[in-house]
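Here are my notes on the model you sent over, as numbered points. Please keep the viewer open while you read.

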Amino acid sequence: MAEESSKHLEVALVAAERVVWEGQATIVIARTTDGDVGILPGHAPLLGLLQGGTVQVRTVDGDFLVAAAPDGFISVANDRVSILAENAEMGHDIDLEEARRELEQALATGTAGEADADEVRAAEARVRAAETAS
Amino acid sequence: MPATQRELKDRRDSVTTIKKLTRAMELIAASRIVKAQQRAQAAGPYARELTRAVSAVATFSNVDHPLTTEKPNPKRAAVLLLTSDRGQAGAYSSSVIREGERLNQLLREDEKEIVSYVTGRKGIAYYTFRQREIAQSWSGESDAPSFAWAREVADKLIEAFLTPTEEGGVDEIHIVFTRFVSMLTQKPDVIRLLPLEVVEGEEAPADEDVLPLYEFEPSAEDVLDGLLPKYVASRIHYCMLQAAASELASRQRAMKSATDNAQDLIERLTREYNQVRQSAITQEISEIVGGANALADANAGSE
């Protein structure tokens with residue numbers, strides 16, 4: 001039974017002001033600064049910065065979830081995966097049209113400053129998450 | 001006669017209005033405090049996970065980061081003072097300001113120059129009235145601080161911390177805020193924010209002999225680089241949430257005693273009013289009786 005219980009991951013997607021999603025998953029795919037990592041049960045402890053801003057989760061029930069987690073990071077230890085991002089959101093909670101509009105707006109403002117570039121990246125992540133979720 | 005009936009009545013009416021006001025404010029504060037506590041609870045997981053991650057990096061790697069390194073000879077210290085935006089909260093703002101003054105005194109005795117950062121209109125007013133310099137101030141969200149707000153403050157403070165001292169940077173940062181102990185007790189408190197004192201020692205796996213050796217992507221330095229500013233923001237947010245809950249609790253208490261006082265005052269004024277009214281009636285009666293007697297005497301004399 002001990003073997004059984006370690007066959008899934010305890011995943012928590014946490015934003016600054018609330019827990020966005022919490023549940024059990026079979027695999028978590030996140031894009032870190034070094035590329036995509038897929039995390040399966042029994043993964044070695046890991047701390048990584050998220051780059052792409054989206055995280056994909058396959059739950060134990062077979063559902064496929066996508067979340068936008070711009071400027072976040074992921075920590076894995078003892079089959080516990082925590083994804084932390086100030087403005088984490090689930091893909092299916094995002095209004096795709098609105099996210100697209102925001103992205104266009106962010107692009108229009110330009111990517112000159114560092115803050116602007118961050119904004120564009122965050123908007124892109126939201127659009128991508130919403131697209132994948134729908 | 002000390003006061004006329006009408007004066008007393010007017011006074012009682014106005015106190016009644018004040019009582020209604022303070023009672024309303026008390027109820028508002030009471031309902032907001034529940035929200036503030038919920039917000040503090042909701043922010044818990046993020047802070048906890050972040051602390052866990054930071055202490056993991058600190059414990060399992062030997063990386064020195066500018067934000068955790070003590071500067072050898074601290075000369076300039078920043079003090080972030082968290083006060084409220086609005087009054088009517090009893091001694092809330094003045095006691096946290098007093099705590100701040102105490103800290104300033106201590107720092108000055110250590111021959112450190114003080115750079116003040118203030119949030120909340122009450123603190124800003126206190127400083128500007130005394131014509132003290134404020135490096136930066138924020139206001140508007142003291143009773144419901146959002147994370148974005150904390151982030152803004154954190155960014156400014158980190159920037160100041162990373163600037164070399166000669167160029168106007170600071171060597172350490174303290175936060176003065178009010179800790180929410182319970183509904184009845186709120187205590188002004190000081191913590192040192194930077195350089196960070198990372199609480200080391202994520203509980204090592206008890207049953208197994210191997211410590212989790214973290215892999216870092218891309219590298220321990222970069223991860224720490226990304227994590228620490230978030231950690232600082234989260235600490236500030238925590239302090240702000242505590243301060244907000246304290247502010248509301250002390251407002252509720254202050255308004256409750258104001259309501260009680262108003263009630264006492266109303267009772268006293270009502271009694272006084274009744275007395276005045278009664279004595280007026282008594283006087284009127286005795287005047288009538290006196291008048292009637294005089295009339296009767298006059299009539300008796302003429303017949």
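1. β5(A) is mostly covered, with four of its five residues buried; a residue counts as buried if 20 or more other C-beta atoms lie within 10 Å of its own, as exposed if 12 or fewer do, and as partly exposed in between, with C-beta atoms placed from the backbone. Strands here are DSSP runs of E with at least two residues, helices are runs of H or I with at least four, and both are numbered from the N terminus. Two bridges join β5(A) to β8(A), and these strands run antiparallel; pairing requires that DSSP finds at least two bridges between two strands. A:A68 has A:E89 in β8(A) as its bridge partner.

2. A word on conventions: this is a predicted model, so local features need pLDDT of at least 70 and side-chain atom pairs count only at pLDDT 80 or more, while totals for chains, interfaces and linings use all residues. Residues are numbered from 1 along each chain as its sequence is written, and chains are lettered from A and ligands numbered from 1 in the order in which they are written.

3. On confidence, chain A averages a pLDDT of 79, and 87% of the residues score at least 70; pLDDT is the predictor's confidence in each residue, from 0 to 100. Over residues 1-5 of chain A, pLDDT stays under 50, and the model has zero contacts there beyond four places in sequence. Two residues are in contact if their C-beta atoms, placed from the backbone, lie within 7 Å. Where pLDDT is low, the predicted coordinates should not be read in detail.

4. Chain A has three helices and eight strands, in the order α-β-β-β-β-β-β-β-β-α-α along the sequence. Of its 134 residues, 40% count as buried. Among contacts in chain A with a separation of 6 or more, 57% come from residues 24 or more positions apart.

5. Have a look at the hairpin made by β2(A) and β3(A), which has two residues between the strands. β2(A) and β3(A) (residues 35-39) pair in the antiparallel sense over five bridges.

6. How is chain A divided by the domain assignment? Domain 1 covers 2-90 and domain 2 covers 92-133, with bounds that come from an automatic or database domain assignment. Eleven residues of domain 1 of chain A are in contact with 13 residues of domain 2 of chain A. On the domain 1 side, β4 (46-59), β5 (64-68) and β8 (89-90) of chain A each supply at least two residues. That side divides into five nonpolar, four polar and two charged residues; Ala, Val, Leu, Ile, Met, Phe, Trp, Tyr, Cys and Pro count as nonpolar, Asp, Glu, Lys and Arg as charged, and the others, Gly among them, as polar.

7. Now the interface: 22 residues of chain A are in contact with 24 residues of chain B. β2 (19-32), β4, β6 (73-77) and β7 (80-84) of chain A each supply at least two residues of the chain A side, and the largest share, four residues, comes from β4(A). By class, this side of chain A has twelve nonpolar, six polar and four charged residues.

8. The largest nonpolar core has 102 residues, and those with the most contacts inside it are A:A67, A:I83, A:A88, B:A78, B:L80 and B:L82. Such a core is a set of buried Ala, Val, Leu, Ile, Met, Phe, Trp, Tyr and Cys residues joined through C-beta atoms within 7 Å. Helix α5 (residues 220-302) of chain B gives the largest share, 19 residues. Leaving aside neighbours within four places in sequence, B:L82 is in contact with residues including B:V96, B:F177 and B:M240.

9. Two backbone angles deserve a glance. Most residues other than glycine have a negative phi, and most peptide bonds are trans. A:D79, in the loop between β6 and β7 of chain A, has a positive phi near 60°. B:E111, in the loop between α2 (92-109) and β2 (113-119) of chain B, also has a positive phi near 60°. Is B:E111 buried or exposed? B:E111 is exposed, because 8 other C-beta atoms lie within 10 Å, whereas A:D79 is partly exposed, with 18.
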